[in-house]
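Biologist: I have not looked at this one before. Can we go through it piece by piece?

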Amino acid sequence: MRRASAYFLSRCRPQNPKPFSPIPSRKPCYKSHGLLFRPHKFLAPASRNLDTLVEKPVQIPSRQRKIQERSRLEEAFESASTLDEMVGAFKKMESSFDEKELGLASLKIGLKLDQEGEDPNKILHFADRALKGLDKDGKPNLLVAMTLQLMGSANYTLKRFSDSLGYLNRSNRMLANLEEEGSSVEDIKPVRHAVLLELANVKTAMGRREEAIRDLRKCLEIKQRTFEEDSVELGKANRDVAEAYVAVLNFKEALPFGLKSLEIHKNHLGNNSVEVAHDRRLLGVIYSGLEQHEEALEHNELSQKVLKNWGLNSDLLRAEIDAANMQIALGKTDQAINTLRDAVPKTEKDSQTRALVFISMGKALCDQQKLADAKRCLEIACGILDKKEASSPIEVAEAYSEISMQYETMNEFETAISLLKRALVLLEKLPQEQHSEGSVSARIGWLLLLTGQVQQAIPYLESAAERLEGSFGAKHFGVGYIYNNLGAAYLELDRPQSAAQMFAVAKDIMDVALGPHHADSIEACQNLSKAYSAMESYALAIEFQQQVVDAWENHGASAEDELREARNNLEQLKKKARAALSDELSKKALPLAQVDSSRSQTN
């Protein structure tokens, strides 16, 4: 926000020569050595003794004196260059101007306070006074929009996220109205960019990551309209969007923005620039997420060369750990272990970086089935992380989650669940990590389900669905997986109706997010068929099982086994349906047979 405040200060210009003195002088006055006088004619002297002529001092009307004083105070404020000078001049103005007239000056001081990183409560004090002075009629106004943006920023710093969101949304609506009314787009664009960027920060802090990404993309669009194509300013903006997508594990969407950032920085700064190195490291993470590990390692190695040339040892060390993880993914565990052994002496004792090295070492050893050595590495990492929970809760929670996956691989499910619960305790205190909290809750629920602790799994899964819906929206594929697991839990508890409801939600989400022919979408449809079968609603069970068969047929030869199983399930359902129908007909016919028998006996 500080850069934005500096820009806004430069744009806060009076709309007329005297913004704080709206009452014009009715008589012309002229300045001479700081004194006011009226023009007059010089007459011939009535006496030869000129020395005896004394001009009477001109009496300045009180109205004129007030105007003069206001003008002087204005000039003093406008010429002030430091914060102390501005505040001092403002205090003197307070006795001569009312709150409405002090609006612009209040805004300028608020922006100056923000620019210099002062107490956000002080910023809010002046911003509130500015709003009262400038927001006179409720009509769209650029200065009011800037004031609302400042109030949103200050509330964000104070972690009052709901208040911040309210001010920023109002500012954003006001700027949109100004554009519609034909106001200067060049004046509006920088303010709109600052507002959207702050909205992205607030929504991220509230865990609403998908909405934050949409705001970041709008920021990028504004820059694209402002700067020339492939301007260096667009490089960082593209990288910001790529990083936001990576944070929500949407690597496919992140890739084009990461590549565009690299292209721009290479063209303007050259292959050996630090910005290019950061782009390549980010692309390494993206390609790893897409499981394109060869491309990931290639970008990582190029990044390491540049970081080494620039002497950026901390970044270089993290890149080396990333490279080891890529080598593990490629099955090159011996190379990975050598990379990590070389990295250990470069880390400080009990540092988080050293913990990350041992986590990756444990992963490599686990892949080599050296489980005792792997556990020892993970125990060392946990010992370091335990001391860092208070200072770095997010990083420690992420590390616990990573370690839990390794214990899960070793079938140490109770240890994995215990670590995830420790991570959850840390994340529950951080509203901006709502998406991570949801993901961890989902994994705990799944592991409890896997180990037969079905009843305990349900609250974790329900909490996960709520958190992830709030972060990513109701149609995110991750939410679909959670509802699928909830359905499985209810089916295990012999509650087929509840299970059918959950499986139906899961199927709807996955059909939208992944497509109806995706393997996970087909599984949700299969589960829905099972739930209806458990309810003995065979018509519906057959309908959904037929959809499963049709979907696997679209996969061709690659899904022959799945198609064969789906067809067998369909035939079994049809047999059950025929048997159920036969039983029903028998029950209906039974009373009639008994009546005929009794009649024959009577006769």
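Biologist: Among contacts in the chain between residues at least 6 apart in sequence, what share join residues at least 24 apart?
Modeller: That share is 61%, where contact means heavy atoms within 4.5 Å. Before going on: this is a predicted model, in which local features need pLDDT of at least 70, side-chain atom pairs count only at pLDDT 80 or more, and totals for chains, interfaces and linings use all residues. Residues are numbered from 1 along each chain as its sequence is written, and side-chain values use heavy atoms, with hydrogens and water left out.

Biologist: How many helices and strands does the chain have?
Modeller: The chain has 26 helices and 2 strands. Helices (H or I, at least four residues) and strands (E, at least two) are DSSP runs, numbered from the N terminus.

Biologist: And what percentage of the residues count as buried?
Modeller: Of the chain's 603 residues, 44% do. Buried means under 20% relative accessible area, with a 1.4 Å probe and protein chains only.

Biologist: Which residues touch the most other members of the largest nonpolar core?
Modeller: Those are I286, L385, I403 and Y483, in a core of 111 residues. A nonpolar core is a set of buried Ala, Val, Leu, Ile, Met, Phe, Trp, Tyr and Cys residues joined through side-chain atoms within 4.5 Å.

Biologist: Next, helix α2. How many residues does α2 have, and how far does α2 reach?
Modeller: Helix α2 covers residues 62–79, which is 18 residues, and spans 26 Å from its first C-alpha to its last. That is close to the expected 26 Å, taken as 1.5 Å times one less than the number of residues.

Biologist: Which residues of α2 are buried?
Modeller: Q64, I67, R70, S71, L73, E74 and F77 are the buried ones. Their cover includes α3 (83–93) and α4 (103–115).

Biologist: At what angle do α2 and α3 pack?
Modeller: The angle is about 160°, and the axes are 8 Å apart. Axes are lines fitted to C-alpha atoms, for helices over the stretch in contact, and angles run from 0 to 180 degrees between N-to-C directions. The two helices are therefore roughly antiparallel, a label for angles over 145 degrees. From α2, the contact uses L73, A76 and F77, and from α3 it uses M86, A89, F90, K92 and M93.

Biologist: Is R129 buried or exposed?
Modeller: R129 counts as buried, because its relative accessibility is 13%. R129 sits in helix α5 (residues 120–134). Not counting residues up to four places away in sequence, R129 touches F90, E94, E99, L102 and S106.

Biologist: Further along, how far apart are the axes of α16 and α18?
Modeller: Helix α16 (residues 352–367) and helix α18 (residues 393–409) have axes 10 Å apart, at an angle of about 15°. That makes them roughly parallel, which applies under 35 degrees. Q352, I359, G362, K363 and C366 of α16 meet E395, A399, E402, I403, Q406 and T409 of α18.

Biologist: What about α20 and α22, at roughly what angle do they cross?
Modeller: Helix α20 (residues 434–450) and helix α22 (residues 477–492) cross at roughly 30°, and their axes come within 11 Å. They are therefore roughly parallel to each other. A442, W446 and L449 in α20 meet I482, N485, A488 and A489 in α22.

Notes
Buried < 20%, exposed > 50% of the residue type's maximum accessible area, 1.4 Å probe, protein only. Parallel < 35°, antiparallel > 145°, perpendicular 65-115°, else oblique.
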